[in-house]
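Work through the exercises below with the structure open. Each task is followed by a stepwise solution.

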Amino acid sequence: LGGLAGETKPVGVFVVIPLVWIAWRERKSKLSWPIAFTVVPAAAFLLWLRMMGPGSLGDIYTRYWQISPAPPWTNLYEAVHRAFAGGSYLARWNLLALALVIVFALARRVRPEYTWFALAAILMFLSKRIEPPLHSVIRYVLVVFPAYAGLALVLKSRTAMLAVELLFFLLNWAILIL
């Protein structure tokens with residue numbers, strides 16, 4: 001499954017990072033070889049892209065989706081600048097979603113490989129330069145599953161859970177109307 005994840009979406013390639021960590025940690029067990037093999041499908045997919053003509057993943061993103069690679073701090077700076085100096089509501093929502101996911105992903109102590117995946121996925125999102133800055137980050141950060149463990153620390157009671165669900169419903173409704 002880890003190998004197939006690397007062939008589905010670019011974020012799936014980052015599944016390899018925690019799996020390689022597990023393979024290294026378990027290198028004396030029989031589990032390490034199948035886990036280490038998960039690198040092969042992702043690498044084969046990238047090689048196939050290169051050989052069949054579309055080019056690298058970066059070329060495909062630039063050509064078809066107008067997304068170019070950039071250092072994470074550049075995109076973060078542009079998003080903050082757009083949100084506060086430019087007054088963009090969309091940039092504010094995206095920054096808020098990103099900040100919440102980062103806080104919740106790091107709030108609870110989880111297995112190291114989960115933290116590595118969360119950080120790699122977040123850095124990948126921050127490395128995509130698109131107009132407007134951090135466009136669709138709310139959708140992209142849904143895969144950062146360690147954030148749900150951190151959110152569970154806050155939502156221990158049924159009332160808190162219902163309040164957050166209502167808040168997210170109202171926010172989603174407001175975004176839809178805007």
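**Exercise 1.** How do the residues of the lining of the largest pocket divide into nonpolar, polar and charged?

Solution. The model is predicted.
- Step 1: count the lining. The largest pocket is lined by 23 residues.
- Step 2: sort by class. The lining divides into 21 nonpolar, one polar and one charged.
- Step 3: find the centre. Ala 97, Leu 100, Ile 138, Leu 142 and Phe 168 lie nearest to it.
- Step 4: The pocket holds about 660 Å³ of space.

**Exercise 2.** Which element gives the most to the lining of the largest pocket?

Solution. 
- Step 1: α8, α11 and α12 (158-177) each give two or more residues.
- Step 2: pick the top contributor. α12 leads with nine residues.

**Exercise 3.** At what angle do α8 and α11 pack?

Solution. 
- Step 1: take the axes. Helix α8 (residues 89-107) and helix α11 (residues 146-154) pack at about 80°, with axes 6 Å apart.
- Step 2: classify. Angles of 65 to 115 degrees count as roughly perpendicular, and α8 and α11 are therefore roughly perpendicular to each other.
- Step 3: name the contact. α8 supplies Val 101, Phe 104, Ala 105 and Ala 107. From α11 come Pro 146, Ala 147, Gly 150, Leu 151, Leu 153 and Val 154.
- Step 4: sort these residues. Nine are nonpolar, one is polar and none is charged.

**Exercise 4.** Which residues line the largest cavity?

Solution. 
- Step 1: search the whole structure. One cavity of 30 Å³ or more turns up.
- Step 2: read its volume. The largest cavity holds about 60 Å³ of space.
- Step 3: list the lining. Ile 67, Phe 125, Lys 128, Ile 130, Leu 134, His 135, Val 137 and Tyr 140 form it.
- Step 4: classify. Six are nonpolar, one is polar and one is charged.

Definitions and conventions:
Residues numbered from 1 in each chain as written. Predicted model: local features only at pLDDT ≥ 70, side-chain atom pairs only at ≥ 80, totals over all residues. Heavy atoms only, no water. Axes fitted to C-alpha atoms, helices over the stretch in contact; angles between N-to-C directions. Helix = DSSP H or I, 4+ residues; strand = E, 2+ residues; numbered from the N terminus. Parallel < 35°, antiparallel > 145°, perpendicular 65-115°, else oblique. Contact = heavy atoms within 4.5 Å. Nonpolar A, V, L, I, M, F, W, Y, C, P; charged D, E, K, R; others polar. 1 Å grid on protein atoms, 1.4 Å probe; cavity = no way out; pocket = protein on both sides within 12 Å on 5 of 7 lines; lining within 4 Å. Points joined across faces, edges and corners; volume = space filled by probe spheres on them.
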